[in-house]
Amino acid sequence: MHTGALASALRDIVGSDGVIDHPDALSVYDCDGYTLERSAPDLVVLPRTPAEVAAVVCRLWTAGVPFVPRGAGTGLSGGTLPVHAPVMVCTSRLTAIEAVDVRNRRARVQAGVINASITRAVERHGLLYAPDPSSQPACTIGGNVAENSGGPHTLKYGVTTNHVLGVELVLSSGQIVELGGPVEDRLGYDLTGIVVGSEGTLGIVTRAWVRLVRAPQAVRTLLAVFETVEAASEAVSAIIGAGLVPAALEMMDRLIITAVEEAFHVGLPTDAGAVLLVELDGPSAGLDDELARVTAICRRRGVREVRVARDDAERAALWKCRKRAFGAVGRLARNYCTQDGVVPRTRVPDILRTITGVAERYRLRIGNVFHAGDGNIHPILLFDERDHDEVARVLAAGKEILEACVALGGSVTGEHGIGVEKIAQMPLLFSPDDLREMLRVRAVFDPDRRANPHKIFPDALVCVEARAPRRQVPL
Ligand SMILES: Cc1cc2nc3c(=O)[nH]c(=O)nc-3n(C[C@H](O)[C@H](O)[C@H](O)COP(=O)(O)OP(=O)(O)OC[C@H]3O[C@@H](n4cnc5c(N)ncnc54)[C@H](O)[C@@H]3O)c2cc1C
């Protein structure tokens, strides 16, 4: 079907302001947070209701047109990059929190609801939505479900899959299915669990039932300053090894500390090798004992200084540094690429040494800000996209870091997904048979691979013509 005719048919469903087809406006949608590859869709559709999503997808099905779902576009693995999917269906207008069940601690929200708005809507009841990606002021629940997102506080509370009870999914045929629901411990296969983390390849999530948790009675937040990343990493292992389960255990190295301090001026020590941000929460009785134990462990690992936040304002300032660290890095370089890998917690010092070596060999600046408590590393590789040699070095360095994660017994993604970025790394973890079995699961939902095609799986396995996205950074 001609693009103009398709746009007109889609406008009949979503109204004239619900379809974007002007090239300038489309260029806004040519990448997500992974900016190394770009490809604008031919059309962006912005439905306002789940029913409109279903009608749009049904129309695309009839026209034989593949599509790519998009929430807020904060993804970091190129999941929203259109690759042979001319139409982008954006859920950002589906913003209703439809139901809050305070007594049973759950809520039904539309896919475009911003993560942080859920907690804002329920905090007066003493509740919160626990998964808290650092992008939470912008990212959507649909995107969180698709990526099985984590965040600083998922060390104690678990990632998105632990907090989603059910979803409404629009299949690529336009059919609406409900998987799971508000009731806990449902019988049968965990189909909700299959959708969580499926990166938009099974259809478009339009609603989710999410679990709410009781806000902790008390919180203690401390910043531990270390001379070296090794000492900080050893403290992380020792804290967990002592049986303590902090709500969050985050690390920033010197490059990141400097960027954050220059941006926010909160008095972070820019000469330190690394800082740990540790948060303890729970019943107030016993929390100060836990704080004392963490402090003692840090002292045994040679901590230079331990600062305990004295009030909510100081706590908020520390979290601002951590959660806006990515933004602060924008001051250091024109572009940056956030890698995402996992190693067993005890191997954090090893992977950090590897990253230092990689940075030297590839002549790159790499900062580290990450969820140290669960071994989920986020090296941030700085570059200038106009320098093609540097871009090539960033890609090669990222690949080497991920291979090192796997060699240390870890994985190539902790929370940002495979998208287009890490397709080539899938065979490091999965055999061709594993991948084929996953594709058979996908085929149950989306037999013709119309939903977010060419993501996650190496193209050789899906037996399609492998072509690069239409516009790529030349390497
Ligand atoms: C500054 C910054 C900090 C971040 N911090 C974290 C962090 O701490 N933890 C973490 O896990 N991630 C983090 N991220 C990554 C990102 O925010 C998450 O992956 C987030 O869940 C993406 O949500 P989104 O709405 O922006 O999705 P998008 O980027 O729009 O889409 C991401 C993927 O989900 C699919 N998708 C989107 N909506 C739907 C839907 N309704 N149905 C089906 N598929 C859909 C898309 O096709 C794509 O594959 C961070 C990103 C940035 C820029």
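The structure is a predicted model in which local features need pLDDT of at least 70 and side-chain atom pairs count only at pLDDT 80 or more, whereas totals for chains, interfaces and linings use all residues. Residues are numbered from 1 along each chain as its sequence is written, and side-chain values use heavy atoms, with hydrogens and water left out.

With a salt bridge taken as a side-chain nitrogen of Lys or Arg within 4 Å of a carboxyl oxygen of Asp or Glu, the count comes to 29 salt bridges. One of these joins the side chains of Asp-30 and Arg-38, with an N to O distance of 3.4 Å, and both Asp-30 and Arg-38 are buried (buried means under 20% relative accessible area, exposed over 50%, and partly exposed in between, with a 1.4 Å probe and protein chains only). In the salt bridge between Arg-310 and Glu-314, the closest N and O atoms are 2.4 Å apart; Arg-310 is exposed, at a relative accessible area of 72%, while Glu-314 is partly exposed, at 26%. A further salt bridge, at 3.2 Å from N to O, connects the side chains of Asp-433 and Arg-436, which both lie in helix α16 (residues 432–445), three residues apart, or about one turn of the helix. Helices (H or I, at least four residues) and strands (E, at least two) are DSSP runs, numbered from the N terminus. Of this pair, Asp-433 is exposed, with a relative accessible area of 51%, and Arg-436 is partly exposed, with a relative accessibility of 42%.

An oxygen atom of the ligand lies 2.7 Å from a backbone N or O atom of Gly-71, a ligand oxygen is 2.8 Å from an N or O atom in the side chain of Asn-144, and a polar side-chain atom of Ser-149 lies 2.7 Å from an oxygen atom of the ligand.

Definitions and conventions. Polar contact = N/O pair within 3.5 Å; in protein donor to acceptor, adjacent residues only side chain to side chain.
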